Amino acid sequence: MSTEAPALLLALDLAGVFAFAVNGALTALRVARLDIVGVVTLGMITALGGGILRDILIDDLPPATFSDWRYLAVAAGGGLIAFAAAHRLDRLSTPITVLDAAGLSLFAVTGASKALDFGLGPAQAVILGAVTGVGGGTLRDVLVRQVPTVLSSGLYAVPALVAATVVAVAVELDAYGPPVAIGAAAACFAIRMLGVHFDLNAPSPPSPRPRPPDTD
Amino acid sequence: MSTEAPALLLALDLAGVFAFAVNGALTALRVARLDIVGVVTLGMITALGGGILRDILIDDLPPATFSDWRYLAVAAGGGLIAFAAAHRLDRLSTPITVLDAAGLSLFAVTGASKALDFGLGPAQAVILGAVTGVGGGTLRDVLVRQVPTVLSSGLYAVPALVAATVVAVAVELDAYGPPVAIGAAAACFAIRMLGVHFDLNAPSPPSPRPRPPDTD
Amino acid sequence: MSTEAPALLLALDLAGVFAFAVNGALTALRVARLDIVGVVTLGMITALGGGILRDILIDDLPPATFSDWRYLAVAAGGGLIAFAAAHRLDRLSTPITVLDAAGLSLFAVTGASKALDFGLGPAQAVILGAVTGVGGGTLRDVLVRQVPTVLSSGLYAVPALVAATVVAVAVELDAYGPPVAIGAAAACFAIRMLGVHFDLNAPSPPSPRPRPPDTD
């Protein structure tokens, strides 16, 4: 790990935490009129879920969330800001989507980067980057009883895999640093937003006939 | 850790396991007419989920559940007792609520206490206490497809945070022991039950206008 | 651990991964017309969830999934094969049920076996075998918003417990090897399929009167 990597990882991680905290809190306001505790709680779970999952899987326990107070502070702060600012927003869906894409992108990069730091192979790091990116949002969706975006939207896991792959390749080539990390996150963000804008999806099953629920 | 702390931790932990096991089993009977295996399974998940989550996060693995048979025995016993006794109860909602508050209170104390034993800072221990308290019930609610109480009820996470804070402060002041632990759990229980009784909630969002679901 | 145990464990584990990957992918096609990414993602989560849960709980981190590429490859391959082959199947419910029973049986055996290898006691290994067996399917059901089979179907956890018990007893008697492992999995599979076929369940609550949802 280069000497600048920890600071870079921390900065990107905290940016992702903030984006997901605001996103989770706005989601709580949108799908249910939760009170401030519920709003901040969902914001914190969304913000910290992906990173905690990553840290459990690479055995970096207690997770950074619990050993570095900045994660908790940024997550709680993001949730509170969203709670206070939500009434100024005419529509919540656009910021929710944009912030979700931002968190996804940042966490895909930090997840892959941290996995490589901990000695996992490139393929494993790519998967772990995607898991980190989609983890918090998946927990959020399960808790508010929505089908997780990672299942329903084709271009959600894919951009995360792209960003994580860029990181893994750059580390292999010894070219990893802030420009690559930010570029990888930006690429993920761009793909995700294009997918949302044009409602793109990955290929559907070969059989076009509607499949009614079977009866067992 | 004082010499009596492990015994105290174990006693409170097992009491919490029992309360949540009965609670989870009664919930299984209430929300769906599950058979004995489903009832005991939901009881055990509710009872053991919070502690397992805590032990994963502080890296005390395998969790106590798997290294100390008493956890499994108490969880399974609580589920079986609930299954056998449920038909004697006219209404299940009151015992479900009371037992949930008891488990929440006991686990908030043991979660914070164990986190401090493992060297986490006070703020982290407070959050981990709350996570331990709400974890099992949140798993329970997700499995039976309810919005988790921690999101929908303002005075659920708050009393857990209060109890965990009392524990953290007492440990800082070197005043932690059975009276403080039981007092903290009792305070959490009282706040929670008052919240249920008077239907209190934390503040709602500033904007009072109803927010229809956005269309993306 | 005997010298052949690791190879046996790996073979059974990968067979279970494949069965659950196809099962999860077919479930994704059945309950919602997900695109290829959603289908493969649900297949991989179903396939790898139980083993990851097991490895977290026995502290074998990073989980085999992330340190051995074969798990990822088999899980992804199973999902892709299911995606490609689904349109040839008239009904999805039969293969979904059979593959779920196969994954359950194989993972119950590998979960108990690996737990014993890591020094857990027999009772703990039995529970961990059941957790490994039902874990992936429970994640799958939560993500597609179904009540998990482990709660709704009595003969789901029970055969997993039977298979894990056979493994634990055989290890105690120093008689564990491929014949016992395959026999235990076959017994679990047979019990589960008989339960499905005859719609058997464990005993229901003593009180036969319908229990309307309480109003709090």
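This is a predicted model: local features need pLDDT of at least 70, side-chain atom pairs count only at pLDDT 80 or more; totals for chains, interfaces and linings use all residues.

Reader: What makes the pair C:R54 and C:D13 a polar contact?

Author: The two side chains make that contact at 3.1 Å, and the cut-off is a pair of N or O atoms within 3.5 Å. Leaving aside neighbours within four places in sequence, C:R54 is also in contact with other residues, including C:T110, C:G111 and C:K114.

Reader: How do you know that B:D13 and B:R54 form a salt bridge?

Author: Their closest N and O atoms are 3.1 Å apart, and a salt bridge needs a side-chain nitrogen of Lys or Arg within 4 Å of a carboxyl oxygen of Asp or Glu, so the pair qualifies. B:D13 lies in helix 1 (residues 5–31) of chain B and B:R54 in helix 2 (residues 36–57), so the pair ties together parts that are 41 residues apart in sequence. Both B:D13 and B:R54 are buried.

Reader: What makes C:K114 and C:D60 a salt bridge, and which parts of chain C does the pair tie together?

Author: The N to O distance is 2.7 Å, and the limit is 4 Å, so this pair qualifies too. C:K114 lies in helix 5 (residues 93–117) of chain C and C:D60 in the loop between helix 2 and helix 3 (64–67), so parts that are 54 residues apart in sequence are tied together.

Reader: Are C:K114 and C:D60 buried or partly exposed, and why?

Author: C:K114 has 8% relative accessibility, which is under 20%, so C:K114 counts as buried. C:D60 has 23%, which falls between 20% and 50%, so C:D60 counts as partly exposed.

Reader: Why do A:D68 and A:R70 get their labels?

Author: A:D68 has a relative accessible area of 16%, under the 20% cut-off, so A:D68 is buried. A:R70, at 35%, falls between 20% and 50% and therefore counts as partly exposed. Their side chains meet in a salt bridge at 3.0 Å, N to O.

Methods: Residues are numbered from 1 along each chain as its sequence is written. Chains are lettered from A and ligands numbered from 1 in the order in which they are written. Side-chain values use heavy atoms; hydrogens and water are left out. A polar contact is a pair of N or O atoms within 3.5 Å; within protein, one must be able to donate a hydrogen and the other to accept it, and residues adjacent in sequence count only if both atoms are side-chain atoms. Contact means heavy atoms within 4.5 Å. Buried means under 20% relative accessible area, exposed over 50%, partly exposed in between (1.4 Å probe, protein chains only). Helices (H or I, at least four residues) and strands (E, at least two) are DSSP runs, numbered from the N terminus.
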